Amino acid sequence: MKKIRMGVIGVGGMSRMHIEGIKSSADAELIAICDINEKALNEKSDFYGIDNSHRFTNYKDLRNCPDVDAVTICTSNQTHYCGGVIGVDRSSTSHPTITST
């Protein structure tokens, strides 16, 4: 069975739990990371062995990456909406999330 190729938006404290869950799954693999803080993005990407071509500072670029099958949003609650629209734009599903309006 083909693994689900996962991307992560946000590399703050919550991302560690999400990434470890992806890494421990036999059905998923972490292939892309996105964060607006380029230093944090590169540190986390280096740690997890993410290729430079799959490091993004804009969630829209992650959304448009054809190699990514699914995304988990690890940003603060008030920014979940922007990341959540990825599911709508790509005709996929997303886990329930809380956001400010």
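The following conversation examines how terms are assigned in this predicted model.

Visitor: Why is the pair formed by the rings of Phe-47 and Tyr-48 called edge-to-face?

Guide: A pair of aromatic rings is described by the distance of the centres and the angle of the planes. By the rule applied, the count comes to one aromatic pair. The ring centres of Phe-47 and Tyr-48 are 4.9 Å apart, and their planes stand at 85°.

Visitor: What makes Phe-47 count as buried or exposed?

Guide: The relative accessibility of Phe-47 is 64%. Exposed means over 50%, so Phe-47 is classed as exposed.

Visitor: And what makes Tyr-48 count as buried or exposed?

Guide: Tyr-48 has 13% relative accessibility. Because buried means under 20%, Tyr-48 is classed as buried.

Visitor: Where does Gly-49 lie, and why is Gly-49 called exposed?

Guide: Gly-49 belongs to the loop between α2 (38-48) and β3 (55-56). Its relative accessible area is 62%, and the cut-off for exposed is over 50%, so the term applies to Gly-49. The C-alpha atom of Gly-49 is separated by 9.8 Å from that of Ala-32, which is 17 residues apart from Gly-49 along the chain.

Visitor: How do you know that β1 and β2 pair?

Guide: Strand β1 (residues 4-9) and strand β2 (residues 28-34) are joined in the parallel sense over six bridges. From β1 the chain crosses through α1 to β2 in a right-handed β-α-β crossover.

Visitor: What makes β2 and β3 a pair?

Guide: β2 and β3 have two bridges in the parallel sense, and at least two are required, so they pair. Cys-34 has Phe-56 in β3 as its bridge partner. The crossover from β2 through α2 to β3 is a right-handed β-α-β crossover.

Visitor: Why is β2 described as largely enclosed?

Guide: Six of the seven residues of β2 are buried, so this strand is largely enclosed by the rest of the structure. Helix α1 (residues 13-24) lies across β1, β2 and β4, at about 145° to β2.

Visitor: Which strands stand at the edges of the sheet, and why?

Guide: The open sheet has four strands in the order β3-β2-β1-β4, with parallel pairing. β3 and β4 (70-73) each have a single partner strand, so one side of each is left without a neighbour in the sheet, and these two stand at the edges.

Conventions
Residues are numbered from 1 along each chain as its sequence is written. This is a predicted model: local features need pLDDT of at least 70, side-chain atom pairs count only at pLDDT 80 or more; totals for chains, interfaces and linings use all residues. Side-chain values use heavy atoms; hydrogens and water are left out. Buried means under 20% relative accessible area, exposed over 50%, partly exposed in between (1.4 Å probe, protein chains only). Rings of Phe, Tyr and Trp (its six-membered ring) pair if their centres lie within 6.5 Å; planes under 30 degrees apart count as stacked, over 60 as edge-to-face and the rest as tilted. Contact means heavy atoms within 4.5 Å. Axes are lines fitted to C-alpha atoms, for helices over the stretch in contact, and angles run from 0 to 180 degrees between N-to-C directions. A crossover is right-handed if, with the strands pointing away from the viewer, the path from the first strand over the helix to the second runs clockwise.
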